[in-house]
Amino acid sequence: MQFFVDTADVGEIKALTETGMLDGVTTNPSLIMKAGRPMLDVIAEIAELVDGPVSAEVTATEVDKMIAEGKKLAAIAPNIAVKLPLTWDGLKACRALTGDGHMVNVTLCFSAAQALLAAKAGATFISPFIGRLDDMGLDGMKLIEDIRAIYDNYEDLQTEILAASIRTVNHVQQAAIAGADVATVPPSILTKLIDHPLTDKGLAQFLADWEKTGQSIL
């Protein structure tokens, strides 16, 4: 599984690249608003920091404007994935942009039927929103399982499942078990993946016992 981080905070991204665990970045208009800087500048800076895909979302809702915005965003760097909403106009724009060789991330997916349409339109990534479905009392992880089953039924569907709206460490683990290709997570969740009290307890015991030996490796 690949790990993308869901943020437009360049400082956070820089810190995470040093771990070697970061495979890409996803952004959206809300995250850009929090960054408080011009969108194109932020996206360009992120694309320089990360070798993998960097999702940058259009703000238009009509197909021709989506395509125009998508081309402008894609021109920023070769690793830009144009992010489009899962609407009919979004799917038309997806077909046009992927036809021109651009990566496309189709977002706001809430059903397996929608994911099938996105794959048929040539999406590079489909972003099912786990947490928002859970908020409604539904099973967001079941959506990942259903999409995985459908995509595996048809070899010609090459779209990668990008689990989004992840709220917990457990979400990441469950998405991996369900077969998601990518998990995009807030920085706080990515850093928590390594935490376990038994790891901390075990390390403390090892170090205490080592100190009693009076030895030094160096």
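The dialogue below moves from the overall fold to charged pairs and then to backbone angles.

Mentor: Please keep in mind that this is a predicted model.

Trainee: Which secondary structure elements does the protein have, and how many helices and strands are there?

Mentor: There are eleven helices and eight strands. The C-alpha trace spans about 70 × 40 × 30 Å along the principal axes of the protein.

Trainee: How many of the residues count as buried?

Mentor: Of the 218 residues, 44% count as buried. The accessible surface comes to about 11500 Å², and 55% of that area belongs to carbon and sulfur atoms. As for contacts between residues at least 6 apart in sequence, 56% join residues at least 24 apart.

Trainee: How many positive and negative side chains are there?

Mentor: The protein has 17 positive and 29 negative side chains, and the centres of these two sets lie 4 Å apart.

Trainee: How should I approach the pairing of such charges?

Mentor: In general, side chains of opposite charge can pair when their charged atoms come close. In this model the count comes to seven salt bridges.

Trainee: Where does the pair Asp146 and Lys142 lie?

Mentor: The general idea concerns helix geometry. An α-helix has 3.6 residues a turn, so residues three or four places apart point the same way. Here, Asp146 and Lys142 both belong to helix α8, residues 140-153, and are four residues apart, about one turn of the helix. Their salt bridge has its closest N and O atoms 2.8 Å apart. Asp146 is partly exposed at a relative accessible area of 28%, and Lys142 is likewise partly exposed, at 39%.

Trainee: Are Arg148 and Asp152 buried or exposed?

Mentor: Arg148 is buried, with a relative accessible area of 16%, whereas Asp152 counts as exposed at 52%. These two side chains meet in a salt bridge with an N to O distance of 3.2 Å. Both residues lie in helix α8, four residues apart, about one turn of the helix.

Trainee: What is the distance between the closest N and O atoms in the salt bridge of Asp209 with Lys212?

Mentor: The closest N and O atoms of that pair are 4.0 Å apart, and the cut-off for a salt bridge is within 4 Å. Both residues lie in helix α11, residues 197-213, three residues apart, about one turn of the helix. Asp209 is partly exposed, at 34% relative accessible area, while Lys212 is exposed, at 68%. Elsewhere, salt bridges that share partners join Arg148, Asp152 and Asp181 into one network.

Trainee: How many residues has α11, and what follows the helix?

Mentor: Helix α11 has 17 residues and reaches 25 Å from its first C-alpha to its last, close to the 24 Å expected at 1.5 Å a residue. Gly214 follows α11, and the phi of this glycine is positive, near 70°.

Trainee: Which phi value does Leu108 have, and where is this residue placed?

Mentor: Leu108 is a residue other than glycine with a positive phi, near 65°. Its place is in strand β5, residues 103-109, and Leu108 is partly exposed, with a relative accessible area of 33%.

Trainee: Where does Ser165 lie, and is Ser165 buried or exposed?

Mentor: Ser165 lies in the loop between β7 (160-163) and α9 (169-178). Ser165 is buried, with a relative accessible area of 17%. The phi of Ser165 is also positive, about 55°, although the residue is not a glycine.

Notes: Residues numbered from 1 in each chain as written. Predicted model: local features only at pLDDT ≥ 70, side-chain atom pairs only at ≥ 80, totals over all residues. Heavy atoms only, no water. Helix = DSSP H or I, 4+ residues; strand = E, 2+ residues; numbered from the N terminus. Buried < 20%, exposed > 50% of the residue type's maximum accessible area, 1.4 Å probe, protein only. Contact = heavy atoms within 4.5 Å. Areas by Shrake-Rupley, 256 points an atom, 1.4 Å probe, with all protein chains shown as cover. Lys, Arg positive; Asp, Glu negative; His and termini not counted. Charge placed at Lys NZ, Arg CZ, Asp CG, Glu CD. Expected span 1.5 Å × (residues − 1).
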